[in-house]
Amino acid sequence: MFNYVGDISELSHHIIRNFCMNKNYAVDATLGNGYDTVFLYSLFKKITAFDIQQEAIESFKSNYGNNDTVDLICDSHSNIDKYIKEKADCIMYNLGYWPGGNKDITTMAYSTLESLKKALILLNSGGIISIAMYVGHNEGEKEEAFIMDFVENLPKNIYGVMLHKYLNRSKISPRLIIIEKK
Ligand SMILES: C[S@@+](CC[C@H](N)C(=O)[O-])C[C@H]1O[C@@H](n2cnc3c(N)ncnc32)[C@H](O)[C@@H]1O
């Protein structure tokens, strides 16, 4: 069992827990099974979570109940700016498809990029965006290429961008991008 390199989701939680400057408001851009939302719930005062699948929203409600702290939105995260008007301290993306669900319903390169551009504007100073990427399927590969091309060109006086990638695992093992806003 590894403590640090075991799992990129755990790693993203560790980074957010320790390095996100304020813990007021967080966005989970991809609800899925809700593990990231539950993690955010343990730290932040208020959370908004998106998923395009009503099933994911209903599953979260039946597993964790309805509460005032978590606002669940059944829409694409590419419309993030329609719903969120305040600065967010953390925005999490766990890309791909719902584990155990329909693999054809997956995050898509163009809409992820659209969402990410809006997320950067919504991100508070001292805030963090985490992006967990799964490159082992066609759309995931395309998505990674789009995201990498975009984040590599972010102005370094405002954003710090790091890639976490396994070097001694499969070439298609998941990877994690962290963006911190000054
Ligand atoms: C890998 S899962 C997320 C895992 C989740 N964060 C967790 O903790 O279990 C990806 C989720 O993104 C959702 N999704 C796909 N495209 C989306 C979009 N454009 N906007 C919001 N959610 C999307 C899928 O329905 C799926 O539930």
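A helix here is a DSSP run of H or I at least four residues long, and helices are numbered from the N terminus. With that in hand, let's look around this predicted model.

View 1. Welcome to the place where the ligand sits, which is the largest pocket. There are 21 residues around the ligand, and the ones that come nearest are Thr30, Asp36, Asp51, Gln53 and His77. Sorted by class, this shell holds 11 polar residues, seven nonpolar ones and three charged ones.

View 2. Start with the side chain of aspartate 51, where an N or O atom is 2.7 Å from an oxygen atom of the ligand. Asparagine 33 takes part through its backbone instead: one of its backbone N or O atoms lies 3.0 Å from a ligand oxygen atom. At histidine 77, look for a backbone N or O atom that lies 2.9 Å from a nitrogen atom of the ligand. How much of the ligand's area does the protein bury? Taken alone, the ligand exposes 600 Å², and the protein buries 96% of that.

**View 3. The largest pocket and its lining.** By class, the pocket lining divides into 14 polar, 12 nonpolar and five charged residues.

**View 4. The largest cavity.** The largest cavity has a volume of about 30 Å³. Its lining is made up of Ser9, Ser12, Asp36, Met92, Tyr93, Asn94, Ser130, Ala132 and Leu176. Helix α1 (8-19) and the strands β4 (88-94) and β5 (123-133) are the elements that give two or more residues to this lining. Which element gives the largest share? Strand β4 does, with three residues. The cavity lining divides into four nonpolar residues, four polar residues and one charged residue.

**View 5. Residues to find again.** Some names come back as you move between the views. Asp36 is among the residues nearest the ligand, and Asp36 also lines the largest cavity.

Notes
Residues numbered from 1 in each chain as written. Predicted model: local features only at pLDDT ≥ 70, side-chain atom pairs only at ≥ 80, totals over all residues. Heavy atoms only, no water. Near = heavy atom within 4 Å. Polar contact = N/O pair within 3.5 Å; in protein donor to acceptor, adjacent residues only side chain to side chain. Areas by Shrake-Rupley, 256 points an atom, 1.4 Å probe, with all protein chains shown as cover. 1 Å grid on protein atoms, 1.4 Å probe; cavity = no way out; pocket = protein on both sides within 12 Å on 5 of 7 lines; lining within 4 Å. Sits in = over half its atoms within 2 Å of the grid points. Nonpolar A, V, L, I, M, F, W, Y, C, P; charged D, E, K, R; others polar. Points joined across faces, edges and corners; volume = space filled by probe spheres on them.
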